[in-house]
Structure formats: structure tokens, C-alpha cells
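I opened the model to look up a strand pairing, a turn and a helix contact. My notes follow.

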Amino acid sequence: MTYELSKHAHDLATALGVALYSDLDDESYAQANVLSGQWRVDTVPVTDVRTYYIALHELGHVANPPAGTVSEFPDELRAWLWAVESALVMPDNETRVFMACKLAGYRSLRSEFHWRGQPEVNDLYDALVASLR
Ligand SMILES: [Zn+2]
């Protein structure tokens, strides 16, 4: 199963035209960046559903590039939604808890003032929750 998930992440990267490197030791450094006009995603090896979703989340940033220079709460919602919609398997319980923690972190850390008053953010959030049912 792990092999299929890893291969799928790389297939999605190929379809998006992004270089995917899955050799990080520390998942907190997983990120999508534009370097010299070319998207690059760095993540940890895909060893289970959760690490598969980490890779897909970063690819989701490529599929839905942020409007600003810094990724904000709506961008994170879009990236997770894209991951759920693109994945071969639904997130397991460990992955759902992980996603919920990440989303709570984005909100409390820096994005609250930006996403409040943006109705589409509520729609995105509702779509993400609905996609997990
Ligand atoms: Zn993100």
C-alpha cells in the first residue's frame, strides 16, 4: 500500500509539473516553493497515510498557488481540500487529527485577521469538512 501511495504522490507531481523530493528527515520542513520560476516540493518519505497527505498537501499548494507571498489560512484550506479530493484513500484517524491540529495552528498563529470577514473561507472550510465525511 505504501508503495502505491508514494507512487501516486509522484504521479501527481509529474502531472503538475513540479519536482517532488521526498527525502526530508523532519516533516516540519515540508514545503512548496518556487525557485527560479520552477515549483519544488520537499517532504518526508511516504510511509503511511499521514505522510502521504503531507506530500499531497504541499502539492495542493502548487495546484492552488497562494494569492499573496505568505500562505494564509484560506490557502491552507485549499491545499488540504485538494489533498482530500486527489487522494486514493480517505484520511485515517491519525491523519484527521493531524489535519485538525495543523488547521488550528494556522488560525491561531497568523491568519485570523486575514480570513475573518471572507465568506469564501467559510465555504472552503465547510467543503473540507464535508469531504471528510
Ligand atoms: Zn500548507
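I started with Val34 and found it opposite Trp39 in strand 3. This is a predicted model. I then looked up the pairing around these residues. Strand 2 covers residues 31-35 and strand 3 covers residues 38-42. The two run antiparallel, and I noted 5 bridges joining them.

Next I checked the turn. Strand 2 and strand 3 form a hairpin, with 2 residues between them. I picked out Ser36, which lies in the loop between the two strands. Its phi is near 50 degrees, a positive value in a residue other than glycine.

Is Ser36 buried or exposed? I found 5 C-beta neighbours inside 10 Å. The cut-off for exposed is 12 or fewer, so Ser36 counts as exposed.

I moved on to the helices. Helix 2 spans residues 49-63 and helix 3 spans residues 73-86. Their axes come within 7 Å and cross at roughly 120 degrees. Helix 2 is therefore oblique to helix 3. I logged the crossing of helix 2 past helix 3 as right-handed.

Which residues make the contact? From helix 2 I listed Tyr53, Leu56, His57, Gly60, His61 and Ala63. From helix 3 I listed Asp75, Arg78, Ala79, Trp80, Trp82, Ala83 and Ser86. I sorted the residues of this contact by type: 7 are nonpolar, 4 polar and 2 charged.

Key. Residues are numbered from 1 along each chain as its sequence is written. This is a predicted model: local features need pLDDT of at least 70, side-chain atom pairs count only at pLDDT 80 or more; totals for chains, interfaces and linings use all residues. Two strands pair if DSSP finds at least two bridges between them. Helices (H or I, at least four residues) and strands (E, at least two) are DSSP runs, numbered from the N terminus. Axes are lines fitted to C-alpha atoms, for helices over the stretch in contact, and angles run from 0 to 180 degrees between N-to-C directions. Angles under 35 degrees count as roughly parallel, over 145 as roughly antiparallel, 65 to 115 as roughly perpendicular and the rest as oblique. A crossing is left-handed if the near helix is turned anticlockwise from the far one by less than a right angle, and right-handed if clockwise. Two residues are in contact if their C-beta atoms, placed from the backbone, lie within 7 Å. Ala, Val, Leu, Ile, Met, Phe, Trp, Tyr, Cys and Pro count as nonpolar, Asp, Glu, Lys and Arg as charged, and the others, Gly among them, as polar. A residue is buried if 20 or more other C-beta atoms lie within 10 Å of its own, exposed if 12 or fewer, and partly exposed in between; C-beta atoms are placed from the backbone.
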